[in-house]
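Here is a short tour of one protein model, for readers who like to look at the atoms as they read. Please keep the sequence and the 3D view open as we go.

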Amino acid sequence: MSEAIGRVAALWRFPVKSMLGEQVTAAELTLSGVVGDRAYALVDSQTAKVVSAKNPKMWPAMFACRADFVEPPRPGEEPPPVRISLGDTTSVRSDEPDVEARLSDFFGRDVRLAQAAPEDFTIDQYHPDVEEVDPAGYRDTVAESKLGSAFFAEAGLPSAVPVGSFFDLFPVSLLTSSTLDRFNELRPESRFDARRFRMNIIVETEAAGFVENGWLGRELSIGNEVRLSVSIPDPRCVMTTLAQEDLPKDTEVLRTLVRQNRIDVAGGMYPCAGVYATVEAAGTIREGDAVTLM
């Protein structure tokens with residue numbers, strides 16, 4: 001039985017993994033996710049690990065960078081170049097011959113700009129000094145994590161994302177306005193802004209509470225073409241607490257998630273906000289499109 005649950009309030013894609021992204025009024029989805037999303041990433045030349053804001057001790061300047069496509073990306077084509085703003089003072093395009101030298105100088109460490117994740121897609125992730133964030137017990141420490149198809153290969157499971165993609169686990173992420181509203185009610189001293197959560201689709205809903213927790217295992221119809229299958233809750237990490245633009249650093253964001261929405265994800269208890277999904281039917285979605293739970 002289908003149920004109208006809201007509308008698309010905002011759409012985002014992040015051309016370079018872990019940098020600030022771009023809000024768009026329409027997005028094309030293929031079975032691999034939002035076209036252009038996480039199309040590029042930095043790779044540490046010394047360690048061969050993908051650079052991530054999940055390790056702010058090593059990469060504190062990631063959220064000082066914003067990436068925008070110079071022209072719209074198209075399904076089935078190579079991603080167009082991106083323009084990367086480096087702080088408030090300068091920018092560099094991905095097709096400039098000195099792009100990697102400029103990026104390495106900015107970050108103070110040799111990096112390369114890649115369009116495909118290494119087969120052994122690995123990052124270093126900082127687990128903050130917050131109780132019960134990580135079910136493995138990591139706290140105030142950096143640990144190695146496998147992501148993308150490498151995560152699924154290590155787990156002996158079929159991958160939810162293509163080999164070579166830079167997605168953490170699944171190709172699409174969604175968050176409701178009701179979840180943001182509820183967190184803001186529970187912790188009004190903090191700012192639970194959608195930008196902290198780096199989601200592809202923000203759904204405006206009228207129901208109260210953590211609405212998307214009830215979508216697991218069901219499908220969403222968006223607009224006239226797209227269907228998504230909701231897979232798992234979205235476990236959150238230190239990135240939600242980091243400063244970006246006018247949002248301050250705030251560890252209480254993650255502590256609030258731990259207290260209010262710590263739920264089971266594949267046998268471990270994680271602080272969550274939003275859900276991950278796979279694409280069952282491709283097409284275009286737009287701001288204002290109706291969202292229906294199937």
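## The enclosed cavity

By class, five nonpolar, two polar and four charged residues line the largest cavity. In this scheme Ala, Val, Leu, Ile, Met, Phe, Trp, Tyr, Cys and Pro are nonpolar, Asp, Glu, Lys and Arg are charged, and the others, Gly among them, are polar. The lining consists of Trp 12, Phe 14, Leu 20, Gly 21, Arg 66, Ala 194, Arg 195, Arg 198, Met 199, Gln 244 and Glu 245. The volume of this cavity is about 90 Å³, and a search of the whole structure finds one cavity of 30 Å³ or more.

A cavity here is a set of points, on a 1 Å grid over the protein atoms alone, where a 1.4 Å probe fits but cannot get out; a pocket is an open set with protein on both sides within 12 Å along at least five of seven lines, and lining residues have an atom within 4 Å of a point. Grid points are joined across faces, edges and corners, and a volume is the space filled by probe spheres set on the points.

## About the model

This is a predicted model, in which local features need pLDDT of at least 70 and side-chain atom pairs count only at pLDDT 80 or more, while totals for chains, interfaces and linings use all residues. Residues are numbered from 1 along each chain as its sequence is written, and side-chain values use heavy atoms, with hydrogens and water left out.

## The largest pocket

The largest pocket holds about 1,100 Å³ of space. Its lining has 47 residues, and Lys 54, Leu 147, Asp 168, Leu 169 and Pro 235 lie nearest its centre. The elements giving two or more residues to this lining are β10 (122-127), β11 (141-146), α2 (148-155), β12 (172-176), β15 (226-235) and β17 (268-281). Helices (H or I, at least four residues) and strands (E, at least two) are DSSP runs, numbered from the N terminus.

Which element gives the largest share of the lining? That is β11, with four residues. By class, the pocket lining has 27 nonpolar, eight polar and 12 charged residues.

## A three-stranded sheet

An open, antiparallel sheet is built from three strands in the order β4-β3-β18. Its edge strands, β4 (33-34) and β18 (283-286), each pair on one side only. Strands pair if DSSP finds at least two bridges between them; β3 (residues 26-30) and β18 are joined by four bridges. Within this sheet, Ala 27 stands opposite Ile 285 in β18.

## Two positive phi values

Most residues other than glycine have a negative phi. Ala 48 has a positive phi, near 65°, and is found in the loop between β5 (41-44) and β6 (65-69). Ala 48 is partly exposed, at 43% relative accessible area (buried means under 20%, exposed over 50%, partly exposed in between, with a 1.4 Å probe and protein chains only).

Glu 245 is not a glycine either, yet its phi is positive, about 45°. This residue, part of the cavity lining, sits in the loop between β15 and α4 (252-260) and is partly exposed, at 48%.

## Cysteines without bonds

How many disulfides are there? The count is zero, where a disulfide is a pair of cysteine sulfur atoms within 2.5 Å. Cys 237 is in no disulfide either, and the nearest cysteine sulfur to it, that of Cys 272, is 11 Å away. Cys 65 is buried, at 0% relative accessibility, and Cys 237 is also buried, at 10%.
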